[in-house]
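Student: Could you pick one part of this model and take me through it closely? After that, I'd like to hear how other parts of the chain are put together.

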Amino acid sequence: MGPSWYWMPDIAENFFNVFAKSSLDFYDLKKISPSFRIFFEKDDYWDVPSEPEKLYDFFERTETGAAKQLQKFMKQASFKYDAAMKHLLYMPSLTWSEYLKWPLMKGFLRYSLFTSFGKHVRSYFKHPRLIHLMEFPVFFLGASPKKIPALYSLMNYSGFIQGTWYPMGGMYKMIEAIRQIAVEKGAKIFTSSEINEFTVNASSITNCKTKDTVHECEAVIASTDYHHIDQHVLQEPHRSYSEKYWNSRIMAPSYLIFYIGVNKKIPNILHHNLFLMKMSSSTPGRFMRNQNGPPVPYFISVAPPKLIYLLLLQVVKTFFS
Ligand SMILES: Cc1cc2nc3c(=O)[nH]c(=O)nc-3n(C[C@H](O)[C@H](O)[C@H](O)COP(=O)(O)OP(=O)(O)OC[C@H]3O[C@@H](n4cnc5c(N)ncnc54)[C@H](O)[C@@H]3O)c2cc1C
């Protein structure tokens, strides 16, 4: 269990369209309104509107001129989103030359794609809360806004303009849909089968071994953690990187997650809630730079409607330190 924010609905739709289907064949997709609640203190919170016009008004009420700034920000973000969808997302990334395309190059020249996201946001807004709000989407990418390139304002476009969606019945509905399509196409699915080793012949994987089975294969797509596959499943001669290399990497932060089921409605929370109490503008950077500091929790709680309430806690002590 993990995901709960259904953003970029067009990506899921494109996937289903490949099989002449639509997400609506599998689940009801509802736009969540307000998008989420952001707590700054116990009784001090903002409900972030899901409709762009209301969002612009909301920004204007917080900081004079911020509506216009948000429109400018989103115009650029929407360009990045379209460029990423058309020219980046579906590239195999085998060579740099894949990216030498005029629309992308134009974007590089026109927009600051590689300045830091933190700097980018601050060039539009001054109000510290608006800055927190605008920086929150890139936390999902696992690094400080100072380290994330401004290209990723495309996340803001999706989160704030396309909106936050939810498949009725839960995110697992997507898994069921993918499973159904795979099975219809003849796939055989094995669960609870950990692959411990690959057999490699002439640089191709020919077998995947589990504890009690050997599966012959023509190709392998390993979608699990790269480090795990490289260091624990592949035999040494076939690894891409050494242990020394992996030890020199700064890993993206991890999470501590609690699932709490309660049998009554918790007042004052929405479907998605962010708790940014005690967060200052230096907090994310400090944690991301691995500096010691007090553990400032950054919570997200998720409460799917009419189900048990799930509280999902991402503790920034691990998240950012
Ligand atoms: C707490 C949390 C919250 C998130 N929230 C969101 C969100 O709201 N919205 C969103 O879009 N994304 C969210 N994400 C990200 C999203 O969950 C991931 O991007 C997505 O699950 C990746 O899917 P995947 O199939 O590529 O990899 P995974 O879901 O990681 O699947 C890899 C699978 O491989 C299996 N595996 C590992 N080793 C082996 C082995 N040796 N043999 C066989 N199987 C193996 C694992 O058990 C796992 O099932 C969240 C992630 C986390 C952790």
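**A helix and its partners**

Tutor: Let's start where α3 touches α7: F73, M74, Q76, A77, S78, K80, Y81 and A84 on the α3 side meet S153, L154, N156, Y157, S158 and I161 on the α7 side. In contact means that the C-beta atoms of two residues, placed from the backbone, lie within 7 Å. Sorted by class, the residues of this contact are eight nonpolar, five polar and one charged. Nonpolar covers Ala, Val, Leu, Ile, Met, Phe, Trp, Tyr, Cys and Pro; Asp, Glu, Lys and Arg are charged; the others, Gly among them, are polar.

Before we go on, keep in mind that this is a predicted model, where local features need pLDDT of at least 70, side-chain atom pairs count only at pLDDT 80 or more, and totals for chains, interfaces and linings use all residues. Residue numbers start from 1 along each chain as its sequence is written.

Now the geometry. Two packed helices are described by the angle between their axes and the distance between the axes. Helix α3 spans residues 66-88 and helix α7 residues 153-162; their axes come within 7 Å and cross at roughly 105°. So α3 is roughly perpendicular to α7. The labels go by angle: under 35 degrees is roughly parallel, over 145 roughly antiparallel, 65 to 115 roughly perpendicular, and the rest oblique. The axes themselves are lines fitted to C-alpha atoms, for helices over the stretch in contact, with angles from 0 to 180 degrees between N-to-C directions.

Helix α3 also packs against α2 (residues 52-62), where the axes come within 7 Å and cross at roughly 135°. That makes α2 oblique to α3. Here Y56, D57, F59, E60 and T62 of α2 touch A66, A67, L70 and Q71 of α3. This contact has five nonpolar, two polar and two charged residues.

What about the strands? The chain has 12 helices and 10 strands, which are DSSP runs numbered from the N terminus: H or I over at least four residues for helices, E over at least two for strands. Strands of a sheet pair through backbone hydrogen bonds, either parallel or antiparallel, and two strands count as paired if DSSP finds at least two bridges between them.

Strand β2 (residues 36-41) shows both kinds. With β8, strand β2 pairs in the parallel sense over three bridges, and F39 stands opposite F275 there. With β3 (residues 44-48), strand β2 pairs in the antiparallel sense over five bridges; in β3, F39 has Y45 as its bridge partner. A hairpin of two residues links β2 to β3.

Look along β8 (residues 272-275), too: H272 and L274 point one way, N273 and F275 the other, and all are buried. Buried means 20 or more other C-beta atoms within 10 Å of a residue's own, exposed means 12 or fewer, and partly exposed is in between, with C-beta atoms placed from the backbone. Of the 321 residues in the protein chain, 24% are buried.

Elsewhere, three strands form an open, antiparallel sheet in the order β5-β6-β7. The edges are β5 (197-201) and β7 (214-216), each with a single partner strand, so one side of each has no neighbour in the sheet. From one strand to the next, the twist averages 30°. Five bridges join β5 to β6 (residues 204-209), and V200 is partnered by I205 in β6.
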